[in-house]
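Colleague: Could you take me through this model, one question at a time, with the cut-offs behind each term?

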Amino acid sequence: MHDDRKLIEERVQRALRERIVPVLHGDAVPLTAEVWHTPDEPVPPAEALAASYEPAPIGTPWGPRWGTAWFRFSGEVPAEWAGRQVEAVIDLGFSGGPGFSAEGLIHTASGVPLKGLHPRQMSAPLSILGPDGGPAKAGDRVEFYVEAAANPEVLGPRGFRPTELGVKPEPGSPPIYALTRADLAVFNAEVWELMVDLEALDGLQRELPEREPRRREILRALSRALEVLDYEDVPGAAAAARAELTEVLGRPAHASAHRLSAVGHAHIDSAWLWPLRETRRKVARTVSNVATLAQEWPELVFAFSQAQQHAWVRDNYPAVWERLKKAVAAGNIVPVGGMWVESDTNLPGGEALARQFVHGKRFFLDEYGIDTQEVWLPDSFGYTAALPQLVKLSGSKWFLTQKISWNQENRFPHHTFWWEGLDGSRVFTHFPPIDTYNSDLSGRELAHAQRNFSENGLATRSLVPFGWGDGGGGPTREFIATARRVADLEGSPRVAIEAPSAFFSAADEEYAAAAPVWSGELYLEIHRATYTSQAKTKQGNRRSEHLLREAELWAATAVAHGKLRPEDYPYDELDRLWKVVLLHQFHDILPGSSIAWVHREAEATYAEVARDLQAIISRAQSALAAEGTGTHEIAFNAAPHERDGVPALGARPAAAAGEAARVDGNVLDNGLLRITVDERGLVTSLYDVRADREVVAPGKVANLLQLHVDTPNMWDAWDVDPHYRNNVRDLTEADSVALSVEDGVATAVVTRSFGRSVVTQTLRLRPGARRLDVECAMDWHESEKFLKVAFPLDVHADRSASETQFGHIFRPTHQNTSWDAAKFEIAAHRWLHVGEPGYGVAVVNDSTYGHDVTRDTHDGGGTVTTVRLSLIRAPRFPDPQTDQGRHVVNYAIVPGAEIGDAVREGYRINLPQRVVAGGVPEIEPIVALDNDAVVVEAVKLADDRSGDVVVRLYESRGGRARATLTAGFGVTAAEEVDLLERRLADRETDGRTVSFELRPFQILTLRLKR
Ligand SMILES: [Zn+2]
């Protein structure tokens, strides 16, 4: 037998492309089209329906980029089409893929949203085109509207090139799309079924071993089907062609075939290459699609994550919300994730990450009565080791992502495993081996999942999320029809459409006892620049998190001390502000990978958040400080440790803190630290007086700015590639260096110009301080550069400790293995620490997250450990103006620091004291702890508005801790609760105190009844 495989494959593809797809719709009549161009931002349907429309013949241009056009389509269904399947076919002039260009939402004549339109879904069935979304029939006149969004393809075929598409254009900008088709047409269902048959079988056979009988059998069947397919009458011949395929489609799967739980999905980035306001519309389009699809295909199960997106539907689209609730009740739509958004997990602070679960899970409980069990984060850029404990404390048990398949260096060894967090908590975790969250269920992808599954031989099942996504869209009927064909088909894995919980339950039962364990963070070996890009977004997040802490703490303290009425606690305001901050932790906003529009808007939003939180803080502090006699300047200390004589979480006059600093020639000295600044403004010596130890490595200089050329191969805002290290310029020349002393603070101000930028660093040594503070003001106008500041330390450290949520993790400073080498850029929150037994050094910061730590040897023998903070970048895609302009960040170096000192200084630099003049000399802390290793992360009133005080604390040093909490108010009962403040256990109290023991990094949430 001669090999004619390629000929048949090519024949199938050409037949699909040129003979079959073009006749999916047959007889057609044009619809009458009219259009109204919205003048600016989107408007509600009522306003659009009342507008005056003008004729819009085919070819009518519409939409400056980011503009909106409303089309009114009307026409009569020909009476002679009675009994035939009729659809409206609308082509808005799409250019990109679903969810990325020219998106439409069909509305009824009275403005009720019905169904989305995108390039892979241009039709709407007659069954929803009647009045009020009901069925229409032959002979009826139909009228409906389409809200068309002129979303441009920001990441188009040109790839990662600088583009201005990410901002709104000037008024009067030209249209970017044109109406291309608007018809009522007969849908040739049998031709469509033939298309799905051919695609499924052709896709399957291409993945089978070349000489396997099954492959040849399918090829011959495909060949026979095309032989009977009369190209001059494809609709008439489709049934006969399909008959040739019946037998090969009827053969059951192998007994050992892999099992895939197929879950309908639409990845909807809450903002990315589009602004937040567009996502609200994307969500409405996708939910409408899914609800309409489920009417016809009841087996559809669609996983819908991100409570925020559900809330947008509820708040903006009442009719879609009703459909959503019905679909959830029917099981067609399944809320998943249990988080407010699919957030980044490297960067959000501990309390914020906890609140992602609180607000996400609570929304699903309140609105649907569903306690979600699976955490759904398919696309975030690495996963913190704090997550397993938070997942468990939120009451969930499973975790899903697929992003680690993007690793550039190392293949992750497992697909189903126990993931162990930094405190030892474990969650059952799955990475879909299909390596995508937007599967098309093609033969290629299904075969890849089966072959790729690491647990083959031990476990039998994996999950596949299918449907159009990133910008939404979701499944279409083709996906479900394909799933039916591969449910039980020889040569294919078995595919069953089911909910994620069905997959996890079955996988858990099958494999939980034997599954391997991965301990620690799930570091993503790509997108490492997301710790640094869009500095103002990151700073806004950091500020907001700490302001939220202060606002809750002082408002709760004021209530507990009887200075504010319980009903005056700003519950609604805090709820709203938290949700704004949580939304901006979405995995393309906080990481800095969105278009300019998103980040400029975020900057303004963070400013409003700060203003509102400052107001809450001021109100509470005034209430606490005002009454009494005399005038006292009291310092509020929101940090979890005593400082300058002010107890943690309390207020009193700050005590003068030690020996004044002085300047001696070029040395700043406060009796604890002696810092030598040379004529170039570089720190040549950092001498720790108490330890009698030089901290700067021999022959090196510290606080050295280093400017790298930063040209990643792709994903500019996301990536820093290892080659950035090869091109570096040390910024050693100074415009000016000035040393001075004022109020006991020794200061060196150093200004450096380079390129088109200027950096002014103010080094401050304060009385009694064991740290050198640096305020770094940058006027940054570079392009494709990466600015770091280096501290080469005379410390022999094999590993660095980075603060993460509720603890810290260690990472190697060497590059022994490919896993170690891949971590050439790492995220840390407020501090990073390196040390050898008996001596360590911490670097703390108030704004940034990116760091790197490297090791070297010096000639005299010994190790140089260089810690660098990543200050700022300048990628050009997707925001060509990324980080241009002025920035101020603060950081400090803390010689002689243990981990506990790093924790304390990290809080301190992020929570400056607030001095308030008032009538009382002192404010007692709302709660006090007798062990510095135990850190209070949040104090607030309970969300149920009972007036109970909720305290979340954790063991911060990685050891065991016994502690007693003393309340500043009478405690009638104490409970241990979960993150959602649900009771886990009673705790003993004597009316004031609660004692407990914590394991390393354990989080404990206490509810104290007053
Ligand atoms: Zn995403």
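Modeller: Donors here are N, O and S atoms within 2.8 Å of the metal (3.2 Å for Na, K and Ca), and since water is not among the atoms, sites may look incomplete. This is a predicted model, in which local features need pLDDT of at least 70 and side-chain atom pairs count only at pLDDT 80 or more, while totals for chains, interfaces and linings use all residues. Residues are numbered from 1 along each chain as its sequence is written, and side-chain values use heavy atoms, with hydrogens and water left out.

Colleague: Which residues are the protein donors of the zinc ion?

Modeller: The donor atoms lie 1.9 to 2.1 Å from the zinc ion. Along the chain the donors follow the spacing H-x1-D-x109-D-x207-H. The residues, with their donor atoms, are H267 (NE2), D269 (OD), D379 (OD) and H587 (NE2).

Colleague: What is the geometry of the site of the zinc ion?

Modeller: Four donors count as tetrahedral if all angles lie between 85 and 135 degrees; four count as square planar and six as octahedral if opposite donors are over 155 degrees apart and all others between 65 and 115; anything else is irregular. Among the four donor atoms of the zinc ion the angles run from 87 to 167°, and the site is irregular.

Colleague: How many residues apart are D269 and H587?

Modeller: Helices (H or I, at least four residues) and strands (E, at least two) are DSSP runs numbered from the N terminus. D269 is in the loop between β13 (259-265) and α7, whereas H587 is in the loop between α16 (571-583) and α17 (596-626). The pair links distant parts of the chain, the two residues being 318 residues apart.

Colleague: Are D269 and H587 buried or exposed?

Modeller: Buried means under 20% relative accessible area, exposed over 50%, and partly exposed in between (1.4 Å probe, protein chains only). D269 has a relative accessibility of 1%, and the relative accessible area of H587 is 0%. D269 therefore counts as buried, and H587 is likewise buried.

Colleague: Which residue in the turn between β7 and β8 has a positive phi?

Modeller: These two strands form a hairpin with four residues between them. All of β8 lies on the buried side of the cut-off, five of its five residues, so this strand is largely enclosed by the rest of the structure. The phi in question is about 95°, and the residue is G111.

Colleague: How many residues of α10 are buried?

Modeller: Helix α10 (residues 350-368) reaches 27 Å from its first C-alpha to its last, close to the 27 Å expected at 1.5 Å a residue, where the expected span is 1.5 Å times one less than the number of residues. The helix is followed by G369, whose phi is positive, near 70°. α10 is mostly covered, the buried residues being 15 of its 19.

Colleague: Which residues does V196 touch, not counting residues up to four places away in sequence?

Modeller: V196 is placed in helix α3, and at 2% relative accessibility it counts as buried. Leaving out those sequence neighbours, V196 touches A481, T482 and R485.

Terms used
Pairing = 2+ DSSP bridges. Contact = heavy atoms within 4.5 Å.
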